[in-house]
Amino acid sequence: EYAGRVKLYHADLYRLDDPGQVADLALDEISADGVLVVEWPERAEDVLPLEHVLVRFEVTSEDGRVIELEAHGVRPNEIIARLGED
């Protein structure tokens with residue numbers, strides 16, 4: 001858990017073998033008052049929320065990275081659309 005303007009919760013599912021293990025973690029309850037970031041979400045696709053923002057990082061050079069955002073659902077689309085504002 002990281003405190004700030006919005007609480008950020010981080011879950012790394014790399015070592016999990018079974019999606020049922022994710023359900024046991026109760027991530028939805030733990031992160032109800034903030035944002036949940038999940039590494040290795042493919043290990044629990046059937047357990048994680050249908051509405052989400054998928055973030056992909058690509059290393060392009062020693063100092064370069066490309067970040068791709070993919071919205072799944074109405075609210076995630078709204079969030080990504082607002083990133084371009086200001």
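**Notebook: a loop serine, an aromatic pair and a pocket**

I began with Ser-31, which sits in the loop between α2 and β2. The model is predicted: I read local features only at pLDDT of at least 70 and side-chain atom pairs only at pLDDT 80 or more, while totals for chains, interfaces and linings use all residues. Residues are numbered from 1 along each chain as its sequence is written, and side-chain values use heavy atoms, with hydrogens and water left out.

**Entry 1. Ser-31**

Is Ser-31 buried or exposed? Ser-31 is buried, at a relative accessible area of 8%. I count buried as under 20%, exposed as over 50% and partly exposed as in between, with a 1.4 Å probe and protein chains only. I then looked up what Ser-31 touches, leaving out residues up to four places away in sequence, and found Tyr-9 and Leu-36. A contact here means heavy atoms within 4.5 Å.

**Entry 2. Overall layout**

I listed three helices and four strands. Helices (H or I, at least four residues) and strands (E, at least two) are DSSP runs, numbered from the N terminus. The order from the N terminus is β-α-α-β-β-β-α. The C-alpha trace spans about 40 × 30 × 25 Å along its principal axes. Of the 86 residues, 14% are buried. Of the contacts between residues at least 6 apart in sequence, 44% join residues at least 24 apart.

**Entry 3. The hairpin**

I looked at β3 and β4 next. They form a hairpin, with five residues between them. Their pairing is antiparallel and runs over eight bridges, with β4 covering residues 65–72. Two strands pair if DSSP finds at least two bridges between them. Val-53 has Ala-71 in β4 as its bridge partner.

**Entry 4. The aromatic pair**

How many aromatic pairs does a search of the whole structure find? The search finds one. Tyr-14 and Trp-40 form this pair, which is tilted, at 4.7 Å centre to centre and 55° between the planes. Tyr-14 is in the loop between β1 (7–12) and α1, and Trp-40 is in the loop between β2 and β3, so the pair ties together parts 26 residues apart in sequence. For the cut-offs, rings of Phe, Tyr and Trp (its six-membered ring) pair if their centres lie within 6.5 Å; planes under 30 degrees apart are stacked, over 60 edge-to-face, and the rest tilted. Tyr-14 is partly exposed at 40% relative accessible area. Trp-40 is partly exposed too, at 36%.

**Entry 5. Positive phi**

Most residues other than glycine have a negative phi. Trp-40 has a positive phi of about 60°. Ala-26 has a positive phi as well, about 55°. Ala-26 lies in the loop between α1 and α2.

**Entry 6. The largest pocket**

I noted about 950 Å³ of space in the largest pocket. A pocket is an open set of points on a 1 Å grid over the protein atoms alone, where a 1.4 Å probe fits, with protein on both sides within 12 Å along at least five of seven lines; lining residues have an atom within 4 Å of a point. The volume is the space filled by probe spheres set on the points, which are joined across faces, edges and corners.

Which residues are closest to the centre of the largest pocket? Of the 28 lining residues, they are Leu-36, Val-38, Pro-49, His-52 and Val-53. The elements giving two or more residues to the lining are α1 (19–25), α2 (27–30), β2 (34–39), β3 (52–59) and α3 (74–83). By class I have 20 nonpolar, three polar and five charged residues in the lining. Ala, Val, Leu, Ile, Met, Phe, Trp, Tyr, Cys and Pro count as nonpolar, Asp, Glu, Lys and Arg as charged, and the others, Gly among them, as polar.
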